[in-house]
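Hello,

Here is the structure I promised to pass on to you. Please have a look at it first, and then read on for what turned up.

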Amino acid sequence: MKVDLNCDLGESFGNYTIGLDDQLLPYITSANVACGYHASDPLVMTKTAAMCAASGVAIGAHPGFPDLMGFGRRNMAVTPEEAKAYMLYQLGALDAFCRVSGVKMAHVKPHGALYNMAGKDYALARAIAEAIAAFDDSLILLALSGSEMLRAAADVGIRAAREVFADRAYNEDGSLVARSKPGAVIKDENEAINRVVRMLKEGKVQAITGADIPITADSICVHGDNEHALAFVKTIRARLEAEGVEVVPLARVIA
């Protein structure tokens with residue numbers, strides 16, 4: 001059994017430091033790097049791409065809505081044409097820093113509201129998939145398990161991987177519970193890890209309603225922007241390996 005362990009990195013900008021990027025890198029296999037719209041800046045992208053290259057961590061783009069004030073977590077009304085252009089703009093930005101660091105971008109994971117909206121909106125999901133295909137059709141689209149982005153990727157003809165979240169609650173339709181609702185973020189470390197193990201071994205997760213729903217995990221997202229992040233990432237990796245799960249970059253999971 002194999003699984004990828006991914007984390008959002010490179011979300012600092014200007015005088016603001018977000019996350020524990022350098023400390024998390026030894027424990028993850030894929031990094032989703034912000035591209036300047038919801039977070040990051042050119043200096044941060046330069047540093048993050050170089051760190052990923054030095055650590056041997058697969059690097060992917062983490063494009064979001066142009067919403068720095070809201071950290072890309074506010075819904076925006078955009079046309080498919082606008083969404084496609086936003087994607088291409090951000091993919092091109094990160095790709096420049098990857099090239100300078102001597103690494104090839106491996107995947108794309110939309111961020112925040114863009115990710116959640118595209119999970120349910122096929123037209124938006126298709127615009128994202130078409131942008132990726134036009135830019136580099138070897139890139140893997142990392143999308144919520146069971147989402148419309150997976151269908152769009154198949155229709156467009158690019159590879160996709162199914163992502164699950166260790167510390168987020170699920171609705172019965174497989175979508176993530178909105179962060180504004182109670183119980184959306186699972187704060188008990190043991191509960192989060194046990195949920196992940198069950199996702200991998202049984203293909204199920206308990207929704208916030210208490211019902212079991214089917215789920216498939218190619219990659220596990222762990223968040224690196226809180227004070228307990230480092231301990232959690234270390235613990236979840238150790239538990240996965242103890243359960244006989246091989247933690248490897250995304251391309252080795254779905255190859």
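On the H5 side, the contact is made by Tyr122, Ala125, Arg126, Ile128, Ala129, Glu130 and Ala133. H6 brings Glu148, Met149, Arg151, Ala152, Ala153, Asp155 and Val156. Sorted by class, that gives 9 nonpolar and 5 charged residues, with no polar ones. Please keep in mind throughout that this is a predicted model.

H5 has another partner to look at. Helix H4, residues 112–120, packs against H5 at an angle of about 115 degrees, and the two axes are 6 Å apart. Here the crossing is left-handed. From H4, the residues Leu114, Met117, Ala118 and Lys120 meet Tyr122, Leu124, Ala125 and Ile128 of H5. This contact of H4 with H5 consists of 7 nonpolar residues and 1 charged residue, and no polar ones.

Next, two residues in loops. Ser40 sits between strand E2 (30–34) and helix H2 (42–55). Is Ser40 buried or exposed? Its relative accessible area is 6%, so Ser40 is buried, the cut-off being under 20%. A polar atom of the Ser40 side chain lies 3.1 Å from the backbone oxygen of Gly10. Beyond its neighbours within four places in sequence, Ser40 is in contact with Gly10, Glu11, Ser12, Phe13, Ala34, Cys35 and Met45. Gly14 is 26 residues away from Ser40 along the chain, yet their C-alpha atoms are separated by 8.0 Å.

The other one is Thr29, in the loop between helix H1 (21–24) and E2. Thr29 has a relative accessibility of 7% and therefore counts as buried too. Which backbone atom does the side chain of Thr29 reach? That atom is the backbone nitrogen of Leu5, at 2.9 Å. Leaving out residues up to four places away in sequence, Thr29 touches Asp4, Leu5, Val57, Ala58, Arg237, Val247, Val248 and Pro249.

Enjoy exploring it!

Best wishes

How values were computed
Residues numbered from 1 in each chain as written. Predicted model: local features only at pLDDT ≥ 70, side-chain atom pairs only at ≥ 80, totals over all residues. Heavy atoms only, no water. Helix = DSSP H or I, 4+ residues; strand = E, 2+ residues; numbered from the N terminus. Buried < 20%, exposed > 50% of the residue type's maximum accessible area, 1.4 Å probe, protein only. Contact = heavy atoms within 4.5 Å. Polar contact = N/O pair within 3.5 Å; in protein donor to acceptor, adjacent residues only side chain to side chain. Nonpolar A, V, L, I, M, F, W, Y, C, P; charged D, E, K, R; others polar. Axes fitted to C-alpha atoms, helices over the stretch in contact; angles between N-to-C directions. Left-handed = near helix turned anticlockwise from the far one by under 90°.
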